[in-house]
Amino acid sequence: MARVRFRRLMVAAGALAAAVALGAGLAPAAQAAPSGRVPAASPVLREDSTVAAPKAPAKATAVQISGKFPGGKIVVQQTERPELFQRLLSEVGWLSSTQPTTTRPKADKLGAKFTVTVLAKDKSTQVYDLYPLAAGGPRAYRPAKQPTGKKTPGWFYGRLTMSESLRLSGVPLKEKPDVVSGGIGGGVGEDVGREELDPLAVGEDVLSQMRQLFLINGAVLVIVLAGLAGVAYLIRRRV
């Protein structure tokens with residue numbers, strides 16, 4: 001009988017403690033929202049308080065060519081010569097976001113240099129060095145210092161139409177009517193003499209990749225052999 005009363009007493013005490021805890025938890029809410037008052041609504045953003053969208057890059061309006069030729073500078077405006085402007089822009093526009101495709105050729109194999117600058121309302125946005133007469137095909141170089149910030153410098157195989165595009169713009173270059181239209185990659189489709197080709201410059205990238213592949217395979221082979229030697233040593237000790 002005493003045990004039953006003790007259990008009832010414990011149950012009642014537990015219920016009383018739960019009621020006290022619940023009341024304490026509701027007390028702050030009751031104080032925060034007194035009777036007869038509605039809690040203030042959270043502020044709502046107005047329609048005109050939207051976050052500003054990122055600024056789009058400036059649209060190219062002209063292409064400037066500079067180099068060692070009479071006058072030293074040619075500017076092709078989009079409004080005046082739209083077809084030639086698009087042709088020049090296609091020669092360098094892809095260079096801004098492409099990984100380098102080759103290494104620097106020998107200095108005596110580069111030929112004349114022409115600096116092409118993309119303009120947006122007379123403000124420079126991109127700058128590249130073009131070598132249309134390089135041995136083995138046209139080359140392009142992207143300097144690290146760009147008007148919009150630093151980029152990874154690098155060399156590229158230029159478009160086969162580079163020489164003709166510059167010539168049509170007014171640069172004194174020899175006409176090449178047999179050049180294949182479009183495409184990226186120097187040397188293909190041009191009448192390049194065998195003595196003009198530089199196998200070290202053209203095939204250096206392939207050899208570099210093959211070296212890396214051999215080194216990786218060699219490292220894996222050494223690890224596998226070391227593992228086999230360790231296993232054989234452990235087995236020999238146990239036997």
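I take contact to mean heavy atoms within 4.5 Å, and helices (H or I, at least four residues) and strands (E, at least two) to be DSSP runs numbered from the N terminus. The model is predicted, so I note that local features need pLDDT of at least 70 and side-chain atom pairs count only at pLDDT 80 or more, while totals for chains, interfaces and linings use all residues. Residues are numbered from 1 along each chain as its sequence is written, and side-chain values use heavy atoms, with hydrogens and water left out.

**Sheet**

I looked up the strand order of the open sheet of 6 strands, and found E2-E1-E3-E4-E5-E8 with antiparallel pairing; two strands pair if DSSP finds at least two bridges between them. E2 and strand E8 (154-157) are at the edges with a single partner strand each, so one side of each has no neighbour in the sheet. Neighbouring strands are turned by 25 degrees against each other on average, direction ignored; axes are lines fitted to C-alpha atoms, for helices over the stretch in contact, and angles run from 0 to 180 degrees between N-to-C directions.

**Strand E3**

I checked burial next (buried: under 20% relative accessible area; exposed: over 50%; partly exposed in between; 1.4 Å probe, protein chains only). In E3 (residues 114-120), 7 of the 7 residues are buried, so the strand is largely enclosed by the rest of the structure. Phe114, Val116, Val118 and Ala120 point one way from E3, and Thr115, Thr117 and Leu119 point the other way.

I then went through the partners of E3. Strand E1 (residues 62-67) pairs with E3 over 6 bridges, antiparallel, and serine 66 stands opposite threonine 115. Strand E4 (residues 123-131) pairs with E3 over 7 bridges, also antiparallel. On that side phenylalanine 114 faces leucine 130 and alanine 120 faces lysine 123. The E3-E4 hairpin has 2 residues between the strands, and lysine 121 takes a positive phi near 55 degrees there.

**Helix H2**

I listed the buried residues of H2 (residues 82-92): Leu84, Phe85, Leu88, Glu91 and Val92. They cover an arc of only 120 degrees around the axis, which puts them on the same side of H2; the arc is that of the directions from the helix axis to the C-beta atoms. These buried residues pack against E1, strand E2 (73-77), E3, E4 and helix H3 (162-169).

I also looked up how H2 meets H3. Their axes come within 10 Å and cross at roughly 140 degrees. Leu84, Arg87, Leu88 and Glu91 in H2 meet residues of H3, among them Met162, Leu166 and Leu168.
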